[in-house]
Amino acid sequence: MNQAVSGFSKLSKEEKINWIATTYFADPSEAVATIKQYWNSDEKLQQLHDEFIENTISNFYLPMGIAPNFLINGKYKTVPMVIEESSVVAAAAKSAKFWSTRGGFKATVLNSEKIGQVHFLYKGDVQKLERFFNQTKPKFFQETESITKNMQKRGGGILDIELRNKTAELENYFQLHATFETKDSMGANFINSCLEQFAQTLKTEAQQFELFSYDEKNIQVVMSILSNYVPNCIVRAEVSCKVEDLAEKNIENPIEFAEKFVQAVRIAEIEPFRAVTHNKGIMNGIDAVVLATGNDFRAVEAGIHAYASKNGNYSSLSHAKIENGIFTFWMEIPLALGTVGGLTSLHPLVKIALEILGKPTAHELMEIVAVTGLAQNFAALRSLTTTGIQEGHMKMHINNILNQFQATKEERITIAKHFENNTISHASVVELIENLRK
């Protein structure tokens, strides 16, 4: 097909599927069958999923796994994780068990401030604008009271509003920079509703401000939107123990391991090419829990990676040190999460995930998510600085290769025996399968 389709959104679900099948597939009936194979047999549940987004044709499954034995602030947690990458859940669970016998994870929410901005253009006297803002500031609070009333009952609301002059970076550009506390909700809709009212108040009041000239009264609002960069919504996660207590099967020399581990982290602190992969490993853990709990992993990713660049260079999110014989590994990251609203009250498996976690508050979920990211990072660095990353990863990944080639039970037994003493790679597995079938 090499032309636009008209009226696609108005087609029924069945019509959309038939159009896709006949337009893009040599065997339309097979395509339709595969698409429908992933529908839920419960029509009401399927309709719920259909209505999450637009133009829905089916469900796209991701595995939901469990990582037990997370000892966080003295309490055990079993962590649900949604991810498609092999070895991630196993690595998280292994780290959790390792640290559960060494004091567990400590986690603290340092702040939970969220940010929204009204971006606008103003041509005129800056001192007049500042005077106007100071005079109008109370009205921004007053005229959003209908929006903030329920949030204030829960202890949240608008914390502050600032006028920021950004004309040094962009001509005539100013901001209303607002901070919010949204308690157990992620708060996107709440923040955006407040911001849009701020924008309306800004324009209306400017028209009535007698010190403004005609041009100065015509403030142009460009957009009103929350920020997914939340550098004052920070959670800290850490582990520590005596260096000698790091000893285990693959860590025969704990002092050497600890020193090598710290060096690996320091490399990620100063080398962006390493830092990106290093932080990707952290996000393996973070995204998996964020997805399982119905939160926005794209917003979380964007905010965290911006934070990793806050000093002008992209750097490691985690840090490590050895002081007075104590090994400490920690991380501070921005996380804006919610446990009420959105998918948390709609998606059945999200409800299950939150139940497994003990119905956490937003602050508790921040701690759990950060700890899982740190655990994932520890597992990766432990492998990299001891046996190497591929040994464990390929053992988990081999099942994907065998499934791809629809290996029989007998073939799986032979292949497993062969790789007990041979290096696993995608090519070597494929070659063995082909040899077995000749």
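A residue is called buried when its relative accessible area is under 20%, and because H119 has a relative accessibility of 9%, H119 counts as buried in this structure, which is a predicted model.

H119 is placed in strand β4, residues 114-121. The side chain of H119 makes a polar contact with the side chain of Y173, at 2.7 Å. When neighbours within four places in sequence are left aside, the residues in contact with H119 include F174, Q175, Q220 and M223, and Y173 is also one of them.

In soluble globular proteins, nonpolar side chains tend to be buried together.

F327, again leaving aside neighbours within four places in sequence, is in contact with W99, V239, F261 and F378, among others. W99 is also one of the buried residues of helix α4, together with V88, A91 and F98, among others. Helix α4 spans residues 88-100 and reaches 18 Å from its first C-alpha to its last, which is close to the 18 Å expected for its 13 residues at 1.5 Å a residue.

The buried residues of α4 pack against several elements, including α13 and those listed here.

| Element packed against by α4 | Residues |
|---|---|
| β1 | 64-72 |
| β2 | 75-82 |
| β8 | 234-242 |
| α10 | 272-292 |
| β10 | 326-334 |

Key:
Residues are numbered from 1 along each chain as its sequence is written. This is a predicted model: local features need pLDDT of at least 70, side-chain atom pairs count only at pLDDT 80 or more; totals for chains, interfaces and linings use all residues. Side-chain values use heavy atoms; hydrogens and water are left out. Contact means heavy atoms within 4.5 Å. Helices (H or I, at least four residues) and strands (E, at least two) are DSSP runs, numbered from the N terminus. The expected span of a helix is 1.5 Å times one less than its number of residues. Buried means under 20% relative accessible area, exposed over 50%, partly exposed in between (1.4 Å probe, protein chains only). A polar contact is a pair of N or O atoms within 3.5 Å; within protein, one must be able to donate a hydrogen and the other to accept it, and residues adjacent in sequence count only if both atoms are side-chain atoms.
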